[in-house]
Number of protein chains: 4
Amino acid sequence: MKVGIIGLGYWGPNLIRNFMGHPEVDKVYGCDLSDDRLNFIKSRFPSAELLKDYNEMLKKDISIVAIATPVDTHFKFAKMALDSGKHIWVEKPFTATSQEATELINLAEQKNLKIFVDHTFIYTGAVQKMRDLVDSGEIGDIKYFDSVRINLGLFQHDVNVIWDLAPHDLSIMHYLMPHEKVAAVSAHGIANYYDHENVAHLSVYFENNCFAHFHVNWTSPVKIRKMLVGGDKKMLVFDDMENFEKIKIYDAGVEISSKEKIHEALVQYRMGDMHSPKIQATEALSLGAAEFINAINENRDPKTSGKDGLEVVKILEASEKSIKNKGKLIELNTPELV
Amino acid sequence: MKVGIIGLGYWGPNLIRNFMGHPEVDKVYGCDLSDDRLNFIKSRFPSAELLKDYNEMLKKDISIVAIATPVDTHFKFAKMALDSGKHIWVEKPFTATSQEATELINLAEQKNLKIFVDHTFIYTGAVQKMRDLVDSGEIGDIKYFDSVRINLGLFQHDVNVIWDLAPHDLSIMHYLMPHEKVAAVSAHGIANYYDHENVAHLSVYFENNCFAHFHVNWTSPVKIRKMLVGGDKKMLVFDDMENFEKIKIYDAGVEISSKEKIHEALVQYRMGDMHSPKIQATEALSLGAAEFINAINENRDPKTSGKDGLEVVKILEASEKSIKNKGKLIELNTPELV
Amino acid sequence: MKVGIIGLGYWGPNLIRNFMGHPEVDKVYGCDLSDDRLNFIKSRFPSAELLKDYNEMLKKDISIVAIATPVDTHFKFAKMALDSGKHIWVEKPFTATSQEATELINLAEQKNLKIFVDHTFIYTGAVQKMRDLVDSGEIGDIKYFDSVRINLGLFQHDVNVIWDLAPHDLSIMHYLMPHEKVAAVSAHGIANYYDHENVAHLSVYFENNCFAHFHVNWTSPVKIRKMLVGGDKKMLVFDDMENFEKIKIYDAGVEISSKEKIHEALVQYRMGDMHSPKIQATEALSLGAAEFINAINENRDPKTSGKDGLEVVKILEASEKSIKNKGKLIELNTPELV
Amino acid sequence: MKVGIIGLGYWGPNLIRNFMGHPEVDKVYGCDLSDDRLNFIKSRFPSAELLKDYNEMLKKDISIVAIATPVDTHFKFAKMALDSGKHIWVEKPFTATSQEATELINLAEQKNLKIFVDHTFIYTGAVQKMRDLVDSGEIGDIKYFDSVRINLGLFQHDVNVIWDLAPHDLSIMHYLMPHEKVAAVSAHGIANYYDHENVAHLSVYFENNCFAHFHVNWTSPVKIRKMLVGGDKKMLVFDDMENFEKIKIYDAGVEISSKEKIHEALVQYRMGDMHSPKIQATEALSLGAAEFINAINENRDPKTSGKDGLEVVKILEASEKSIKNKGKLIELNTPELV
């Protein structure tokens, strides 16, 4: 199998290295407009074949095109690749609009091609363990989901901090609760320095009795990457800044004896043992590459398909409408007028 | 000086102990309807004089009445005390509505009596140090304020988690930025167990280029009490769960060279040294009692006056309207239709 | 039952409070030479009867004498109490020499009186949990025991930092491994400021294949109270500075396939899940008082008897000989020449 | 300048990469007996020239030979390189005995060749900052030095845990106190699994009023890498497991008013602010390579010369004699009989 990669910036070398490391991949092509990047990649990966012309690459006998360019170009490059009969791997977020995402999904289905959206975190040992814990019923029904991803980070010139950071956490939420429907979204924040928000808070209402919140910030002096998942049986904390003990499961909960008469005596708290399971350490990107190649071979959708990418894009899109209107509630799945 | 305390529940003994410890206080009265509480207090504070009838206590030669009853009774007891010519100390939150707060403030002014709202945190060494750092200009203009106060806590039967936990953080925000006007408020959350929200997120928009957010939760498996204050010169973290090093000041910031052309090359990050100042360890409540007695003696408002209490109540009141309408933006200082 | 306490310094009020709180204790006497301390105790415990003359107190109808005076007076006061037919509670360390300890143990046995040595930590939820884990076989055989207890603390004028801080950790070690015989002791350290060492390291050799080490320091800028217990099945960490999760059990270990040919390939490491059990929060001193009263009623030795106190004193005594000779190995149970 | 590296195991690729990255190095040779290692290195560094015969490499026009083989072969390979007129870079520990180290130092001096001992930690930003703080006088005189380096690690088949882990910490101690003379050494520990100790404690006595201790352990369930440096002005903590804030300086100390009468009232503790300076993040090995090349060009000893390596080896050698005799005190600089 041959793989072509367009966009050899920050993430490009990781894609090359991981595809090259897969036993079924015998050749990797790279494509970028910048001579500097091409030279740098050549020095690190002498066996890769590099081109400047994307059309040229699409003519090669490649099965997968991986798109690691700015988000507003994803649709164009993805459509060209699908039109050329290639399976596509697209960096997060999938597309700039849900309409683009839908169009790509439909096109791929018509041509029986597969779409992989690179929600890399899904392939980490920590998220796989979280999913296992939810699937096994140990956590119970999820009552709330809370995520914080803040640090002193690189401002993006084309999108705000939600589009930059929240896709990671939204994809994890969606992976843990694939069947829960998002009803509405509200986003608040501030753009202290230029047009795009550097601090933002995103609230997500579900159709059932669950609520999620995402705090993202490019201008925090401390780096925090922490998630709480409050189940009605147990509660879970995922702290990605820990070197060890990234996942902690608390045998904690609240029980209310009677809904009629709420007062202290009837609320019972339970705080028991804590358990921190061992986490697999295999590099997530390598597992992602393997999953996509398996999905293609087995003619099925990968774990992070275009449809999963669309769910994330729908929330991002709604958040944008909301934050520009100071938290106006944007319902999903229902057309709204701005 | 004599002090009378109504409400001898959880916080009452602390009030008795701290007022008794003040050199100008020679007698403390206590008042509660519960015989059990009165007996318990008698065993611990044999010198306190205890009564069941509040009217009886108001007839005593006391200067200060401290009100530590449920919030919906604050107004009634406070008005009676002011009418009897007593200065009042009121537990947080000051009142159940801004109208009640305004009425008490006006009444006290007419009678030249003082109101102390027990925003205890203001008198901690940590918050005093934060205020010093802001006043000295070391932090610069505050760009954002972020607070998290979550744990597995006691549900309140009469109010939601915002009314229970956020007054601490709102009073600190107001103390650090006394001159900044709050423009509007939006609150989101979920009530997983009964009528009142157990998870909530409160966004506060200011009239200037500043934004604040408050995350409160009674159903978190971990206890977090952390504040970020993002200044344009330095940034500050207050972590109240630390035994030492509660305050950390980061010489961190962002500079944008040009507002016209935003791209990576023009954004500069600065991350320099961190400094953790020594914090005074005197019990906050004892400093609060001293402040109130000084304010009375000097015929001035205390640091945490009725007006400060009102500012917090206005935000709480708006948050209630907002959260019941999924984050509807509620403007302050402007009458809105629900 | 009536209890008399001699020595009303730092720890005295805790003894009074906890004995008073025990349902079988109907009267507490206190004895101290200082009028200041007597007045302070009177104000806090109006029901206690206070005396300046120890002989006077011994004439009262008391069952237990608790001795909370400097260690070099323990023997004298303890012997007087036993001679008067009282059970004795002695603060740690039990005595200044092993000969004193032996004499008290023998005297108590002759008179069928009980000795309780106040190794308070034994009665904490954390140490009880550790003992359970060892007793159940979950940890396996203990291979090493490592303890660190350092902070910026109060210098003692009569003893060095080992005598001051290590009794806590030595008593825990002895409680976890009651049947292991200590073979020899070596201590190193430095006295930077005056005659007594402020930094010290104590190595303890056992007769079997186990080794223990204790690091104590009065001049550390940070406070650490941490213990490692390395079993051949699991390993345990007790971090007393944690508010929650004080005990962590690691499913970690080392297996060596062959003792003949040691090289990397034959050493296998196992690092699995971590588990942090819930810890009981009852005040240790109150459980200690209850244990002693039960032991007296049941005519048995308490969990922390004179014999346990003697084991700790033997190590302290040996450490003193060793540290003054730069770590000279001092064998226990065997007469040595200095 | 050309560089030859012998020993292409775990550390070899790092040496190749860093020497290749130096602007003055135009060619790197590698030498190893294993075809597997040679093939692996070839795939990662196509431009390196690889050989199996060390004599062959010594005939090349190389200036520096870097020796990354097991410690008991250091002397042989180093002597051959010096005899061939090459400067030598030797991995830590420098040699297996102090006699070997002395012979190499003398030989290099005769031939005006330079020796670099790869005490890599010396070139980290953290250790450079520590040295600056000591040199500036901010810390004052060092009273004690305490180091802990423990984890669940790779057993070495040829040496115990002191020889494996302590060289890092001993080199840092020596770098911070280059003029303090070590007087004597004592080591304790246990070999739970085979001949070599897996837990060890090393005490170092200085000729002046300073003391150092090193705790190393291959069988700890938690990873700790922490150093305390107790100065008489300030105290310093270096925690290498922190991602940020690796160095913390505490304005803490002890003052004793009078040496005659020591009692509590005369001991004063000071605990003021804490300061955590920014640490340079440049890769230590690259700075080490640059330092060696500069030292050669400037005909001077590098910061980590053979003499520095010898000081570390002397302590390791003494520790071995001591630990096999349960902590027997071994004096340095004085011939002792075993």
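Reader: What should I know about the model and its numbering before I start?
Author: Residues are numbered from 1 along each chain as its sequence is written, and chains are lettered from A and ligands numbered from 1 in the order in which they are written. This is a predicted model, where local features need pLDDT of at least 70, side-chain atom pairs count only at pLDDT 80 or more, and totals for chains, interfaces and linings use all residues, while side-chain values use heavy atoms, with hydrogens and water left out.

Reader: How many residues does the contact take from chain A and from chain B?
Author: Contact here means heavy atoms within 4.5 Å. By that rule, chain A gives 53 residues and chain B gives 52 residues.

Reader: What area do chain A and chain B bury between them?
Author: The size of an interface is often given as the accessible area lost when the parts come together. Buried area is just that loss (1.4 Å probe), summed over both parts. Carbon and sulfur atoms carry 68% of it, and the value for chain A and chain B is about 4900 Å².

Reader: How many residue pairs are in polar contact between chain A and chain B?
Author: A polar contact is a pair of N or O atoms within 3.5 Å; within protein, one must be able to donate a hydrogen and the other to accept it, and residues adjacent in sequence count only if both atoms are side-chain atoms. With both residues at pLDDT 80 or more, the count between chain A and chain B is 16 residue pairs.

Reader: Which strand supplies the largest share of the side of chain A that touches chain B?
Author: Strands are DSSP runs (E, at least two residues), and helices are too (H or I, at least four), numbered from the N terminus. Strands giving at least two residues each to this side of chain A include β7 (142-152), β11 (219-231) and β14 (267-276). With seven residues, the largest share comes from β11(A).

Reader: How many salt bridges are there between chain A and chain B?
Author: Side chains of opposite charge can pair when their charged atoms come close. A salt bridge needs a side-chain nitrogen of Lys or Arg within 4 Å of a carboxyl oxygen of Asp or Glu. Over all chains the count comes to 80, but between chain A and chain B it is zero.

Reader: Why does the pair of Lys234(A) and Glu138(A) tie together parts that are apart in sequence, and by how many residues?
Author: The two form a salt bridge, with the closest N and O atoms 3.3 Å apart. Lys234(A) lies in the loop between β11 and β12 of chain A and Glu138(A) in the loop between α6 (125-135) and β7, so the pair joins parts separated in sequence by 96 residues.

Reader: Is Asp135(C) buried or exposed?
Author: Buried means under 20% relative accessible area, exposed over 50%, and partly exposed in between (1.4 Å probe, protein chains only). Asp135(C) meets Arg131(C) in a salt bridge (3.0 Å, N to O), and both lie in helix α6 of chain C, four residues apart. Arg131(C), at 21%, is partly exposed, whereas Asp135(C), at 53%, counts as exposed.

Technical notes:
Buried area = accessible area lost by both parts, 1.4 Å probe.
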